[in-house]
Amino acid sequence: MAGFLSGSPVLRSQQDPFRDHSRVAGMNELITAFDFEPVAYAKVPRFNYDYMAYGTDGEFTLRRNREAFDWVELVPKRILDVSALRTATEILGTKMAFPILISPSAQHAMLHPDGEVATYKGAAAASNTPYIVSNVSSVPFEKIAPEAKSPLWFQIYPKPVLDENRVLLEKVQEAGAKAVVVTIDQQADEHERALHDRNLTTRVALSRRTPPKNPYRLRDNRLWYSWKYFDQIRPMVKVPLLAKGINTAEDAKLCLEHGIDGIYVSNHGGRSLDYGASTLEVLPEIVDAVGGKATILFDSGVRRGTDVLKALALGASAVCLGRVPRWGLGAYGAPGVQRILEILQAELLQAMAYTGRPTLASLNRSMVRTDFP
């Protein structure tokens, strides 16, 4: 019987062929968000980890997103009363205790059996952090919404058949979505790390995607995007509407022309166009181009409370976290999401105190020195 069980393919399927299974740390041993990533790596299968870890092509932009935060210095003010730090804000009608949201990202069930429900519960427990649910979540939006009372937004990928957008948008708004975020920067994504990994094991992970019709790996299901889409769905959206994936002042101005309420500065965490600038580098020019006429959200590369502070100082209204909550989810489920958010919230408070900035209104470019290449 023991021999039969040891040779069972069911048992083998539970093992990761790329690494051994050694001890993982307890949550109370972790100090920063970075500490959660190796725990998540140890707990989830290699393919699932790589899905959230990789960037596109050579991963230059993925690395640059992180490096850019090293090119921004914080300038402190001393001998100021920071005994009452205030971080509460309201973004497009959504009240929040901190200017921090969870970015939309797909398939949380790859990291924990409860998927997006666990992410939502963890976000709610961390001062009701707003959560932007992905269009390709592993749990439908209407099943996530009843699980907590913190704000939920919804992210959608444009669909070529207009009525498909209408049905989905009506459903999520009826279920309680407080805003709709349209992602526009993922037309033809491909990830070389995933392709390399398929050659490292005999157990190939099957993709649910339809193969492209051309021999160049170029997926054509999203190549039809145009600004006209926003004009078409605007009557369907009764809540604030945002465009996610803006990297230039030119596109930011087009957002204003098409009546978009919020501009979401993002390069998909380095998973879209490679060899582009980091989002932190382009943030100031977008803020200047918008001139206060729209709310500006920001993500990509954020790992610490000081990163949040730097983005806010350069003009972001709020900052979104993509990989960081996923590390918490993969490591410890809902409590991990809660704890990792609390760490960044505490780091933000500490950084505000050390720089002598007691309120969000006191954050501006005078508190940073930038040295972008």
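Student: Before we start, what should I know about the numbering and the model?

Tutor: Residues are numbered from 1 along each chain as its sequence is written, and side-chain values use heavy atoms, with hydrogens and water left out. Because this is a predicted model, local features need pLDDT of at least 70 and side-chain atom pairs count only at pLDDT 80 or more, while totals for chains, interfaces and linings use all residues.

Student: Let's begin with rings. How many aromatic pairs does a search of the whole structure find?

Tutor: The general idea first: rings of Phe, Tyr and Trp (its six-membered ring) pair if their centres lie within 6.5 Å; planes under 30 degrees apart count as stacked, over 60 as edge-to-face and the rest as tilted. Here the search finds 10 aromatic pairs. Take Phe69 and Phe298: their ring centres are 6.4 Å apart and their planes stand at 85 degrees, so this pair is edge-to-face.

Student: Which elements hold Phe69 and Phe298?

Tutor: Helices (H or I, at least four residues) and strands (E, at least two) are DSSP runs, numbered from the N terminus. Phe69 belongs to helix 5 (residues 60-70) and Phe298 to strand 10 (residues 295-298), so the pair ties together parts that are 229 residues apart in sequence.

Student: What does a tilted pair look like here?

Tutor: Look at Tyr120 and Tyr131, with 6.4 Å centre to centre and 40 degrees between the planes. Tyr120 sits in helix 6 (residues 115-125) and Tyr131 in strand 5 (residues 131-133), so the parts tied together are 11 residues apart in sequence. Tyr120 is buried, with a relative accessible area of 2%, and Tyr131 is buried as well, at 0%.

Student: Where do charges sit over rings?

Tutor: A charge sits over a ring if NZ of Lys or CZ of Arg is within 6 Å of the ring centre and within 35 degrees of the ring normal. Lys244 lies over the face of Tyr264, 5.3 Å from the ring centre. The charged end of Arg271 sits over the ring of Tyr51, at 5.2 Å from its centre.

Student: Now helices. How do I read their packing?

Tutor: Two packed helices are described by the angle between their axes and the distance between the axes. Axes are lines fitted to C-alpha atoms, for helices over the stretch in contact, and angles run from 0 to 180 degrees between N-to-C directions. Angles under 35 degrees count as roughly parallel, over 145 as roughly antiparallel, 65 to 115 as roughly perpendicular and the rest as oblique.

Student: At what angle do helix 3 and helix 14 cross?

Tutor: Helix 3 (residues 36-43) and helix 14 (residues 323-332) cross at roughly 50 degrees, and their axes come within 8 Å. They are therefore oblique to each other. With contact meaning heavy atoms within 4.5 Å, the residues involved include Phe36 and Val39 of helix 3, and Trp327 and Tyr332 of helix 14.

Student: And how do helix 4 and helix 14 pack?

Tutor: Helix 4 and helix 14 have axes 10 Å apart, at an angle of about 160 degrees, and are therefore roughly antiparallel. Their contact is made by Tyr51, Met52 and Ala53 of helix 4 and Arg323, Arg326 and Trp327 of helix 14.

Student: Which residues other than glycine have a positive phi?

Tutor: Most residues other than glycine have a negative phi, and most peptide bonds are trans. Glu59 has a positive phi, near 65 degrees; Glu59 lies in the loop between helix 4 (46-53) and helix 5 and is buried, at 13%. His268 also has a positive phi, of about 60 degrees. The place of His268 is the loop between strand 9 (262-265) and helix 12 (279-290), where His268 counts as buried at 14%.

Technical notes:
Buried < 20%, exposed > 50% of the residue type's maximum accessible area, 1.4 Å probe, protein only.
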